[in-house]
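User: I'm new to this one. Can you walk me through it in short answers?

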Amino acid sequence: MSVIFDKVSKQFPDGTLALDNLDLEFAKGEFVVFLGPSGSGKTTACRCLSGLEEITSGRILVDGVDVTPLPPRKRNMSMVFQNYALYPHKSVFENIAYPLRVRKLARGRIAEEVSRVAKLLQIEDYLDRRPRQLSGGQAQRVAVARALVWKPDICLMDEPLSNLDALLRLQTRTELKRLHRELGSTFVFVTHDQEEAMTLGTRIALLCYGRLVQFDVPRKIYHEPATRFVAEFIGRPAMNTLEGRLLEGVFHTDDTEIAAPGLLETDRAVVLGIRPERIVLHRAAGAGRVPFILDVAELVEPDTLLFVKSNGTSLVARATEDCSDIAPGDSVYLEFPPDALHLFDQSTGRRLS
Amino acid sequence: MNRAWRNFAIGVVLALIIISLTPYLWMFLASVKTRVDALAATPQWFFAPTLEHYRTVFVQKHYLPLVGNSIMVASGTTLLSLLVGTPAAYVFARHQFAGKEDLFFFFLTTRMAPAVSVVVPMFLLFGKLGLLDSLYAVILAHSSFNLSLVVWMMRSFFEEIPPEVDEAAQMDGNTRAGTFVRILLPMAAPGIAAATVLCFILSWNELLYAMILTAFESRTLTVGIPGLVTPHGTLWGQVAAVAIAATLPIVFFAFLVQKHLVRGLTFTAVKR
C-alpha cells in the first residue's frame, strides 16, 4: 500500500493557502509524522487525507486509487482527534464498538474485537464507564482504541498527545511506538513537537507555509537539514546560525572568523550552522579556537548550556563536562570541527553540500 | 450559608410558592363550588363540593372533544416544528453559506410581528385552501411561530457539541445524514426535550389563531372558554372547570420530562 499526495493544494474560503503544491509519498507500515510550526498546514494535510477537508487542486492516491472524490467513510481511515471527540452519551464499550456497529459486524465479533483492543490499550476496566468519568489519559486510550478496532488502512492522529500532561505524554508516546510495531499498521501523526516527531516517526515530513520542506528519516532531518528553516526548527536548543561570507576556506562575519576548510572555495553569502553540542569548549586560546565571553550558563543536568558572545555574535554551546569553574564574564575559546559545520545559501536558505 | 440565612431563603421560597399557587387553588375551589358559593360576598371556606360544573361543561355542553382537539393540535405542532426545525438548526450550527445570519434573523422576525397582523391574511389563505375549521390550519399556524423557537433553541444545542464529534462519526463510517440521526440527535436529546415542552405549552395555550381559524368542529380548549361567557353572565364555575382540565395535561407533561428539562436548560454535558 502506498499513499501519494500529488500536487495537493488547499485554499480556505478566507483566502489562506494552507497547502501549496504538496508532493509526498509514503508506504504501508510507516509511521509518518507531519511536523511544522502552527500555520504550516500539517493538520490540513492530515484532514485532506482523511476526506474531512476537500482539496482545492491536485490528487491524493491510495494504492493507486484516486480517493480525492471519496467521502471519509469510504477511505478506510480512522482518526484520533486532539480533544478525543468521544461520544459522551455512549459507554466506553459502545464508543469503541461504534465503528464496528456501523459496519454491521455480528454481535459476538464486536465483543471479541472490542475486548482484544481494550486489552491492548489496558482499558478493560473502564468499558462500562461514560467518557466524562475518564481521565485525560484514559479518554485518549479510548480514542485510540476506537480508531484501531476496525483495522483501518491508515490511522490518522491529529496532535493526540497535546492535551495530556508532560509525564503522561511520554508514557503514551512510548506506547504508541510499541503499538505501531506490534500492529504493523500505517500511522500518520500530526504534531508541532519535534521531540514527538523525532522519537515516533519512521519518517518526518516537515512543513512550512503549506510547503514540504524536507521528508526524511529523523536521523537525516537532524544531521542533514535541507534548509536553514529545518536546521533552526529541529534540535533543542536550536542550531546556531551565523550570516556571513565564505572566502577561501574561511567563514567571515563582521567580527568573527571561523575556519571552514574544504567546504566551498567561491566567495558567496552563506549561513553557517553548527549544533550547540558539536561546539568544543576550551579554557585556553589556541589554533582554530575563537574567543568568546560567557554571558549566561544554564545547568541542564547532566549538561551545561553556555550562552556566549563576541561583539555582535552570540552562540549557544552545549558542554557535557563540568563547567562550574567558568563564570559569566570569563573568556572561553570555542572550536568548530569542520565536519560539524552546515552551510546554507543566504538568499534561498538551501543547504550547500 | 448559616442557619438564619437558610431559614430566610426557605421563607422566601415558600412565599413565592404560595403567591403563585393561590390563584390556581382559587380556580380549583371555584370549579367545585356552586354558583352561589363562588360568588358570595365573603369567601366561603366551608362548602359542599360539587362536580356539577364539570358534568355540565363536559357532558351536556360536549366540551370533551375539545380536549382531543387541543392534544392533536399541540402534538401536531410540536412534531412538525421539531421535524423541520431540528435539521434546520443543525445546518445553521454547522454550515457556512451566504446570508446565513440574515436568514437566521428572519426566523426570529416571524415571532416579532404581532399575531393580529398575521392572523387575518392567514384566515384568507386557509380559506382559499379550504382548511378553515380544520386541525391542519391550526397546526400550520402554530408551527409558523413555533418553528423559530425550535431553530433558535436547537442551534445553540448543536453548537455546544464539538464539530470533531461529527467528524469522528464520519470517520467511523457514517454518512452526514447518518451522523445527524445516529450521533447528534441522541446527544441533543435534552435540548429536544426542552424544545418539545415549550412548543407543546405554547401551542396548547394559544388562543387568537385557534379562535380565528376554527369555527366549531376543531375548536381547541382555549377557544371553548370564551363560549362560556354568555349574555346572561360569565359561567365562572364552568370556566374554572375547563381551565383546570386544560392545565392538568401540561402539569403532567412537565413532570414527565422534568429531568430532561433541567438538563436541557443547563446544557453542559459535553466537555469542551
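User: Which hand does the crossing of α2(A) and α3(A) have?
Analyst: The crossing is right-handed. Keep in mind that this is a predicted model.

User: At what angle do they pack, and how far apart are the axes?
Analyst: Helix α2 covers residues 92-102 of chain A, and helix α3 covers residues 107-120 of chain A. They pack at about 125°, and their axes are 10 Å apart.

User: What do you call that arrangement of α2(A) and α3(A)?
Analyst: Oblique. Angles over 145 degrees count as roughly antiparallel and 65 to 115 as roughly perpendicular, with the rest oblique once those under 35 are set aside as roughly parallel. At about 125°, α2(A) and α3(A) are therefore oblique to each other.

User: Which residues meet there?
Analyst: From α2(A) come F93(A), I96(A), A97(A), L100(A) and R101(A). They meet I110(A), E113(A), V114(A), V117(A) and A118(A) of α3(A).

User: How many of those are nonpolar, polar or charged?
Analyst: The contact of α2(A) with α3(A) has eight nonpolar residues and two charged ones. No polar residue takes part.

User: OK, now α4(A). How does α2(A) sit against that helix?
Analyst: Helix α4 spans residues 136-148 of chain A. Its axis and that of α2(A) come within 7 Å and cross at roughly 25°. The two helices are therefore roughly parallel to each other. Their crossing is right-handed.

User: Who makes the contact?
Analyst: On α2(A), V92(A), N95(A), I96(A), Y98(A) and P99(A). On α4(A), V142(A), A145(A) and R146(A). By class, the contact of α2(A) with α4(A) has six nonpolar residues, one polar and one charged.

User: Switching topic. How many residues are in contact between chain A and chain B?
Analyst: On chain B there are 17, and they are in contact with 18 residues of chain A.

User: Which helices of chain B supply that side?
Analyst: α8 (163-171) and α9 (176-187) of chain B each give at least two residues to the side that touches chain A. The largest share, six residues, comes from α8(B).

User: Let's do strands. What is the strand order in the five-stranded sheet of chain A?
Analyst: The order is β15-β19-β16-β17-β18. The sheet is open, and its pairing is antiparallel.

User: Which strands stand at the edges?
Analyst: β15 (280-282) and β18 (313-319) of chain A. Each has a single partner strand, so one side of each is left without a neighbour in the sheet.

User: How much are neighbouring strands turned against each other?
Analyst: By 45° on average, direction ignored.

User: How many bridges link β15(A) to β19(A)?
Analyst: Three, with β15(A) and strand β19 (residues 331-335) of chain A pairing in the antiparallel sense. V280(A) has E335(A) in β19(A) as its bridge partner.

User: What about β1(A), which strands pair with β1(A)?
Analyst: One is β2(A): strand β1 (residues 2-11) and strand β2 (residues 17-27) of chain A run antiparallel, joined by seven bridges. There, V8(A) is the bridge partner of L22(A). Another is strand β4 (residues 57-62) of chain A, which pairs with β1(A) in the antiparallel sense over five bridges. In that pair, D6(A) is the bridge partner of R59(A).

User: What lies between β1(A) and β2(A)?
Analyst: Five residues, and the two strands form a hairpin. In the turn, G15(A) has a positive phi of about 100°.

Methods
Residues are numbered from 1 along each chain as its sequence is written. Chains are lettered from A and ligands numbered from 1 in the order in which they are written. This is a predicted model: local features need pLDDT of at least 70, side-chain atom pairs count only at pLDDT 80 or more; totals for chains, interfaces and linings use all residues. Axes are lines fitted to C-alpha atoms, for helices over the stretch in contact, and angles run from 0 to 180 degrees between N-to-C directions. Helices (H or I, at least four residues) and strands (E, at least two) are DSSP runs, numbered from the N terminus. A crossing is left-handed if the near helix is turned anticlockwise from the far one by less than a right angle, and right-handed if clockwise. Two residues are in contact if their C-beta atoms, placed from the backbone, lie within 7 Å. Ala, Val, Leu, Ile, Met, Phe, Trp, Tyr, Cys and Pro count as nonpolar, Asp, Glu, Lys and Arg as charged, and the others, Gly among them, as polar. Two strands pair if DSSP finds at least two bridges between them.
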